[in-house]
Amino acid sequence: MPTRLLSLPRALLPYGLGRLRSRLLAASGLARSRHSLRLLDDHLLCDIGLTRAEALAEADRARWDAPTHWRS
């Protein structure tokens, strides 16, 4: 998909492409978050209530494996 299509306002996109755009942006954000989680040190993980093993398990999930509350 061309990059310029993703930058169009949602109202200008056909319904299916608008939904696809939203899902791609959400998946991209999820991948960035999981990558950042992998980079946190043990002290910061403790601050957010996670162990190293839990953080790595979440970071190793597939890119398309979104939390169940995101699915519609």
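Start by selecting alanine 59: this residue is buried, at 13% relative accessible area (buried means under 20%, exposed over 50%, partly exposed in between, with a 1.4 Å probe and protein chains only). Alanine 59 sits in helix H4, residues 52–59 (helices are DSSP runs of H or I with at least four residues, strands are runs of E with at least two, and both are numbered from the N terminus). You're in a predicted model, where local features need pLDDT of at least 70, side-chain atom pairs count only at pLDDT 80 or more, and totals for chains, interfaces and linings use all residues. Residues are numbered from 1 along each chain as its sequence is written, and side-chain values use heavy atoms, with hydrogens and water left out.

Now show what surrounds alanine 59. Setting aside neighbours within four places in sequence, its contacts are Arg34 and Arg38 (contact means heavy atoms within 4.5 Å).

Next, hop to arginine 34 in helix H2, residues 15–39. Buried or exposed? Arginine 34 counts as buried because its relative accessibility is 5%. Draw a line from its side chain to aspartate 65: a polar side-chain atom of arginine 34 is 2.8 Å from the backbone oxygen of aspartate 65. Beyond four places in sequence, arginine 34 touches Glu58, Ala59, Arg61, Ala62, Arg63 and Asp65.

Keep both residues selected and bring up the second largest pocket, whose lining includes Ala59 and Arg34, along with Ala27, Leu30 and His35. (On a 1 Å grid over the protein atoms alone, a pocket is an open set of points with protein on both sides within 12 Å along at least five of seven lines, and lining residues have an atom within 4 Å of a point.) About 160 Å³ of space lies in there, the volume being the space filled by probe spheres set on the points. H2 gives the most to this lining, with 7 residues.

Finally, zoom out and colour by pLDDT (the predictor's confidence in each residue, from 0 to 100). The protein's mean is 80, and 74% of its residues reach 70 or more. Helix H1, residues 3–6, has the lowest mean of the elements at 53, while helix H3, residues 42–47, has the highest at 96. In all, you'll see 4 helices and 0 strands, and 15% of the 72 residues count as buried.

Definitions and conventions:
Polar contact = N/O pair within 3.5 Å; in protein donor to acceptor, adjacent residues only side chain to side chain. 1 Å grid on protein atoms, 1.4 Å probe; cavity = no way out; pocket = protein on both sides within 12 Å on 5 of 7 lines; lining within 4 Å.
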